[in-house]
Amino acid sequence: MTTDSVKLCRFGAHRVIEPPGALPQGAWRLDATPVVQANELLCDVEALNIDSASFTQICEACDGDAKAIGEHILATVRERGKQHNAVTGSGGMFVGRVREIGAQLRGHVDVRPGDRIASLVSLTLTPLHIEEVLAIDPATARVQVRGTAVLFESAAWARLPQDFDDRVALAVLDVAGAPAQVQRLCKPSQSVVVIGAAGKSGILACAQAKGCVGPSGRVIGVVHAAASSGAKLLRESDYVDELVESDARDALALFDAVSAVLPGGADVVINCVNVAGTEAGTILCAKEGGIIYFFSMATSFTAAALSAEGLGKDVTMIVGTGFVPGHAQLALDTVRAHPAISEHFHHIYGRQS
Ligand code: NAP
């Protein structure tokens, strides 16, 4: 990519190789050449946080073998110029250091070369060049790499907070859209069901939901395994009024389990699982006229739409976009406000893990 031959696009279309004219997210292949264009930030990448649905799928495909997972990611990035999982369609985010700021952006962005930032846009649209995979942590979906990434003028990013371990900050920022959407959707005295409640986004969603619905509202957390550390945290907290153990893929079992504690269904249902096949069960947990927020990247639009139709449920279903203005700050503040969550996240994702 040479600077003088390129018509720059604020959304990054100038980096698309295949098919020409596409935007980066929908494109098959991007040009990830680490040469900054006038409307870009070029960053040295330290680590990728692979989206949980994607990492689960890659782990299964590689039988959990860390070396094979690394090769899988390297192969995807070499082929596509971005970490875009062709099966789940999802990506993740990166943490790194700004290396160079394009001429058009200098003086217009509040960042300097050398600053450490986390991207808040998906790796599925971020030109990424990996020289080397240094380490894989299967427990946290964190991949340490040596490489570069490009952020476009339209891309969101956040400076890494001083009071967080970087790895914890990355884990929180990865799912920052979930608590922010919960804050938008949940009102005082409502009932809320959070499915996949013991994971990163699930815990933040529960804490945020309880703060929104207040003492007269109810938050029901659905966990896959009652013995997990996340489930234990929720049981010992006041973020959930009830904790239910159920496999969300088993729609009728989930419906029975939630109905036993919340007959008639919830005003708002938040789906935070990292596996496919949970749409019907999620829809059954909502009351007539309720709202469902599918944060999970393993959600199928077709399955959700056709399940709701087949079940005769009149519900509003919201696509889990990860971007809400102010979401990074809100997610970090949610952790700051809840020492038990902070301790849990540090234990799982921090340096002591
Ligand atoms: P996470 O920390 O891995 O948590 C996922 C949770 O789902 C775990 O607690 C897991 O429980 C639970 N789960 C798995 N299978 C289940 C089942 N059959 N029934 C009930 N629960 C089940 O994931 P996360 O980082 O919070 O991400 C959650 C989802 O959000 C993923 O799909 C991810 O891809 C997506 N995501 C979306 C965005 C966006 O912008 N919309 C951004 C980031 C991530 P066990 O561990 O006990 O199995």
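This is a predicted model: local features need pLDDT of at least 70, side-chain atom pairs count only at pLDDT 80 or more; totals for chains, interfaces and linings use all residues.
**Nonpolar cores**

The largest nonpolar core has 52 residues. Leu173, Val192, Ile270 and Ile341 touch the most other members. Helix α5, spanning residues 200–213, gives the most to this core, with eight residues. In soluble globular proteins, nonpolar side chains tend to be buried together.

Ile270 shows what such packing looks like in detail. Beyond its neighbours within four places in sequence, Ile270 is in contact with Val182, Val192, Val193, Val194, Ile195, Ala205 and Tyr293.

Helix α4 covers residues 177–185 and is mostly covered itself, with seven of its nine residues buried. The buried residues are Gly177, Ala178, Pro179, Ala180, Gln181, Val182 and Leu185. Their cover includes helices α5 and α10 (327–337). Strands β12 (266–271), β13 (286–294) and β14 (316–319) are also included in that cover.

Val175 sits in the loop between α3 (166–174) and α4. Val175 counts as buried because its relative accessibility is 7%, below the 20% cut-off. Leaving out neighbours within four places in sequence, Val175 is in contact with Lys200, Ser201, Leu204 and Phe295. Val175 and Cys272 are 97 residues apart in sequence, yet their C-alpha atoms are 9.6 Å apart in space.

**The ligand site**

There are 25 residues around the ligand. Asp51, Ser52, Ser201, Val273 and Gly320 come nearest. By class, the shell has nine nonpolar, 11 polar and five charged residues. Helices α1 (52–61) and α5 each supply at least two residues of this shell.

| Residue | Protein atom | Ligand atom and distance |
|---|---|---|
| His224 | polar side-chain atom | oxygen, 2.9 Å |
| Ala248 | polar backbone atom | nitrogen, 2.8 Å |
| Met297 | backbone N or O atom | oxygen, 3.1 Å |

Taken alone, the ligand exposes 920 Å². The protein buries 87% of that area.

Helix α1 also holds Gln57. Is Gln57 buried or exposed? Gln57 has 19% relative accessibility, so it counts as buried, the cut-off being under 20%. Apart from neighbours within four places in sequence, Gln57 is in contact with Asn85, Val87 and Thr88.

**Backbone details**

A cis peptide bond joins Glu18 and Pro19, with omega about -5 degrees. Pro19 has its place in the loop between β1 (16–18) and β2 (29–30).

Two residues other than glycine have positive phi values: Asp63, near 50 degrees, and Ala141, near 60 degrees. Asp63 is found in the loop between α1 and α2 (66–80). Ala141 is found in the loop between β6 (128–137) and β7 (142–152). Which of them is buried, and which exposed? Asp63 counts as exposed because its relative accessibility is 73%, over the 50% cut-off. Ala141 counts as buried because its relative accessibility is 8%.

Notes
Residues are numbered from 1 along each chain as its sequence is written. Side-chain values use heavy atoms; hydrogens and water are left out. A nonpolar core is a set of buried Ala, Val, Leu, Ile, Met, Phe, Trp, Tyr and Cys residues joined through side-chain atoms within 4.5 Å. Buried means under 20% relative accessible area, exposed over 50%, partly exposed in between (1.4 Å probe, protein chains only). Helices (H or I, at least four residues) and strands (E, at least two) are DSSP runs, numbered from the N terminus. Contact means heavy atoms within 4.5 Å. A residue is near a molecule or strand if one of its heavy atoms lies within 4 Å of it. A polar contact is a pair of N or O atoms within 3.5 Å; within protein, one must be able to donate a hydrogen and the other to accept it, and residues adjacent in sequence count only if both atoms are side-chain atoms. Accessible areas come from the Shrake-Rupley method with a 1.4 Å probe; for residues, only the protein chains shown count as cover. Ala, Val, Leu, Ile, Met, Phe, Trp, Tyr, Cys and Pro count as nonpolar, Asp, Glu, Lys and Arg as charged, and the others, Gly among them, as polar.
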